[in-house]
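Here is a short briefing to read alongside the structure.

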Amino acid sequence: MERTPGSRITLIIAVLWLSTLCSAYALSGPLERPAVPSPVASTSVLLAVTKAGERLVAAGERGIILLSDDDGSTWRQAKVPVSVTLTAVTFATPGKGWAVGHFGVVLHSEDGGETWVKQLDGVQAAQLVLEKAQARAQHGDAPSGETERLLADAQLLIDDGPDKPFLDLYFENEQSGFIVGAYNLIFRTDDAGRTWEPWLHRVDNPMGLHLYGIRSGDGHLFLAGEQGLFLRADKDTGAFEALPTPYPGSYFGILTAPGGEVLIFGLRGNAYWSGDLGESWQVVETGVPVSITAGNVLADGTMVLVTQSGTVLTSRDQGRTFSPLPIKEASPFADLTQAADGSIVMVGMRGITRAQNPQTALLEERP
């Protein structure tokens, strides 16, 4: 079929328009580029999963957030305004939740994860840190040496740009919570994320070590990070005070149980249990030589840990001892939660794994 001159011009215009659109999409950064819908999103790299009421919400690479309303059997993709890797997600109520990730991004949802808005990014976070350091210097709230260090660190954040990730978060209710991340980044909100206050100066972490996990237990708030870093918040001042631990490597997470029991875990299968809020520690023999990446506490009190090799460990004595559970096809796991029907839903490098019976054998079911 012969094309007329008019149709050829129309085609050229269409090609040029498409080329311009693709170029603009390629040049726009992941903070401005929405997550792209994908029919294989549930098999993408996912790093976090949690509950929003009875709904499950998972998050991971390229800004992917997935929702399940049938205990993890099927999933659909939510609308997300960024395409950065998301590292953690939590919901304070069935409707109100937050997700954090790379480029210093903080997302918020008020509809159970259906839609999300950006509340903070690395550029804004760095500016807040600088303004806080300048205000403390102006009012003389810190010793001169500390003030100079805080100002220098804040300026480095500005100069580096939004390359620092947030790695975990904790909300005590729908208004108040913390976000933590690389290089001692920690912010608090008391208005559901409309504003964020830097808390770097309230953390006993002069080397600026990464903060990997934050959890509460027995009325206390705990932080875990790299190079054996473990901190407990003072109930009166709110400042995080460092407590010694037996291991000099990184801790990736914290689990707590009633009565002041705390479990920290991390690199090379290392885990330690404390019965006195972190004042003293006992080694936990996990039997695994690889990193323990995440943990959670089930409805019946069972503690579950997962590793980067796909091992699943459970404890029924508040974290003092663990035993492995078999799984049909192990894969690197990054997080887990318990669905409303009691099944365990794990996410990781191969997407989503659902285990129906965590008390006996884990039979893998790929959505």
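In strand S7, Leu107 is the bridge partner of Ala99. That pair belongs to the contact between S6 and S7 (residues 106–109), two antiparallel strands joined by four bridges. Please keep in mind that this is a predicted model.

**Strand S6 and its two neighbours**

- S6 and S7 make a hairpin with four residues between the strands, and Phe103 in that hairpin takes a positive phi near 60°.
- Strand S5 also pairs with S6: the two run antiparallel and are joined by five bridges.
- Within that pairing, Thr90 finds its bridge partner in S6, namely Trp98.
- S5 and S6 form a hairpin as well, with five residues between them.
- How many residues of S6 (residues 97–101) are buried? Five of the five are, so the strand is largely enclosed by the rest of the structure.
- Gly97, Ala99 and Gly101 point one way from S6, while Trp98 and Val100 point the other way, and all are buried.

- Six bridges link S17 to S18 (residues 261–266) in the antiparallel sense.
- In this pairing, Leu255 has Leu263 of S18 as its bridge partner.

**Thr337 in strand S25**

- Thr337 is found in strand S25.
- Is Thr337 buried or exposed? Its relative accessibility is 4%, and since buried means under 20%, Thr337 counts as buried.
- Leaving aside residues up to four places away in sequence, Thr337 touches Val49, Thr50, Lys51, Leu56, Asn296, Ser343, Ile344 and Val345.

**Nonpolar cores**

- The largest nonpolar core has 37 residues, and those touching the most other members are Phe166, Ile179, Ile186, Leu223 and Phe240.
- Helix H2 gives the most to this core, with five residues.
- Another core, of 19 residues, lies apart from it; Val57, Val80, Leu86 and Trp116 are among its members.

**The largest pocket**

- The largest pocket holds about 1,200 Å³ of space.
- Its lining is made of 45 residues, and Asp168, Arg215, Ala294, Gly295 and Asp335 lie nearest the centre.
- Seen by element, those giving two or more residues to this lining are strands S1 (46–52), S5 (86–91), S9 (166–171), S13 (211–217), S17 (251–257), S21 (292–297) and S25 (333–338).
- Which strand gives the largest share of the lining of the largest pocket? That strand is S25, with six residues.
- By class, the lining of the largest pocket comprises 26 nonpolar, 15 polar and four charged residues.

**The second largest pocket**

- The second largest pocket has a volume of about 460 Å³.
- It is lined by 23 residues, with Arg149, Asp153, Tyr183, Asn184 and Leu200 closest to the centre.
- Helices H2 (122–139) and H3 (144–160) each supply at least two residues of the lining of the second largest pocket.
- The largest share of that lining, eight residues, is provided by H3.
- Twelve nonpolar, four polar and seven charged residues make up the lining of the second largest pocket.

**Cavities**

- How many cavities of 30 Å³ or more does a search of the whole structure find? The search finds two.
- The largest cavity has a volume of about 60 Å³.
- Around the largest cavity you will find Gly104, Gly122, Ala125, Ala126, Leu157, Gly161, Pro162, Lys164 and Leu185 as the lining residues.
- H2 gives the most to the lining of the largest cavity, namely three residues.
- In the lining of the largest cavity, five residues are nonpolar, three are polar and one is charged.

Key: Residues are numbered from 1 along each chain as its sequence is written. This is a predicted model: local features need pLDDT of at least 70, side-chain atom pairs count only at pLDDT 80 or more; totals for chains, interfaces and linings use all residues. Side-chain values use heavy atoms; hydrogens and water are left out. On a 1 Å grid over the protein atoms alone, a cavity is a set of points where a 1.4 Å probe fits but cannot get out, and a pocket is an open set with protein on both sides within 12 Å along at least five of seven lines; lining residues have an atom within 4 Å of a point. Grid points are joined across faces, edges and corners, and a volume is the space filled by probe spheres set on the points. Ala, Val, Leu, Ile, Met, Phe, Trp, Tyr, Cys and Pro count as nonpolar, Asp, Glu, Lys and Arg as charged, and the others, Gly among them, as polar. Buried means under 20% relative accessible area, exposed over 50%, partly exposed in between (1.4 Å probe, protein chains only). Two strands pair if DSSP finds at least two bridges between them. Contact means heavy atoms within 4.5 Å. A nonpolar core is a set of buried Ala, Val, Leu, Ile, Met, Phe, Trp, Tyr and Cys residues joined through side-chain atoms within 4.5 Å.
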